[in-house]
Amino acid sequence: MRITIVNPPLDSVLANGSVSPVTAYLFYNSAPLGILYVAAMLELHGHTVFAVDAAAEKLDVAGTVRRIEATKPDVVGIGSTTVVFETSKMLATALKGAMPSTPVVLGGYHVTLLPTEAMAHPAFDVGVIHEGEFTMVELCEYYAGRRALDDVQGIVYKKPDGTMHFTPARPRFKELDQLPFPARHLLPHDLYKPIPIDEHAAPKFAMITSRGCPHACAFCQKAKSGYRSHSPEYIADEVEYLVRDFGAKDIAFVDSLFCASKKRVMGIMDEFKRRDIASKVSWTCSSRVEVVDRELLQSMKEAGCWRTRFGIESGSD
């Protein structure tokens, strides 16, 4: 099957035809790895996949629809956060007008957090709850006539009578190493530029080495969401892949929390040192104050880290 995965346009592009520098720094500094993981899994299962990052390309809804139409998709997937959900609805409506028989699948944080509200919009055919890699593969089996829709775990859809139907939740897979690397080859790399304070070496790429967070910050969607990490070997493999195949000179580990535990990070640093990663590429990450100590920071520096960020959110001394 032919599947097109879309990062939707930004509201400010629709309103003004341009974006502010702050918006550009937030949305254009790295490729949308979430949809690229889904794309990679679909490719692994033999599908022909296209990706459109309408936000980074500053496309409006009409331009995005034209790009999607050109790929002649059998299925369209839209990954949407709450911030861009109104635009995602506009895009889905326009897609139904241009390609009425093509199913539109909604994924991302918004439908996961507010599934009934999100799927009330008539242009969305199916909503994917939580992680989408395995769910999208099964959905494509359904659209190919090889699986019943109710046999796909972790989705929500409207029945003919208009009632909302949820299939059983998909168990969260523990072994992240079974995932292929994100399908970065589907998007042009010159779309993405680091924010000024992050300019260190180019080209710069982003990586995610873990999912979830073991902490309970009240403001965060990932609070106590169950923490899983790739193995040090997988992480080092992906770093070397980015250096070899894409010429990466700097990498931003954009996990919610890279330094979730000293044991995890020291294991990664040992593997980085074994492969002499510091001679090939530099990198940055995020930390929590109570996790790091001098030994850990020294090991990170020796392995190529030039910056770590601390979240100081509470304002309490």
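Student: In what order do the four strands of the open sheet lie?
Tutor: This is a predicted model. The pairing in the open sheet is parallel. Its four strands follow the order β8-β11-β12-β13.

Student: Which strands stand at the edges of this sheet, and why is one side of each left without a neighbour?
Tutor: An edge strand has a single partner strand, so one of its sides has no neighbour in the sheet. On average, neighbouring strands are turned by 20° against each other, direction ignored. The strands at the edges are β8 (204-207) and β13 (305-310).

Student: What is the bridge partner of T284 in β13?
Tutor: Strand β12 covers residues 282-287 and pairs with β13 in the parallel sense over five bridges. T284 has its bridge partner in β13, namely R307.

Student: Which helix packs on the sheet, touching β12 and β13, and what angle does its direction make with that of β13?
Tutor: The helix is α11, residues 294-302. The angle between its direction and that of β13 is about 135°.

Student: Is α3 parallel or oblique to α8?
Tutor: Helix α3 (residues 33-44) packs with helix α8 (residues 133-143) at about 45°, and their axes are 9 Å apart. Angles under 35 degrees would count as roughly parallel. The angle of about 45° therefore makes α3, relative to α8, oblique.

How values were computed
Residues are numbered from 1 along each chain as its sequence is written. This is a predicted model: local features need pLDDT of at least 70, side-chain atom pairs count only at pLDDT 80 or more; totals for chains, interfaces and linings use all residues. Side-chain values use heavy atoms; hydrogens and water are left out. Two strands pair if DSSP finds at least two bridges between them. Helices (H or I, at least four residues) and strands (E, at least two) are DSSP runs, numbered from the N terminus. Axes are lines fitted to C-alpha atoms, for helices over the stretch in contact, and angles run from 0 to 180 degrees between N-to-C directions. Contact means heavy atoms within 4.5 Å. Angles under 35 degrees count as roughly parallel, over 145 as roughly antiparallel, 65 to 115 as roughly perpendicular and the rest as oblique.
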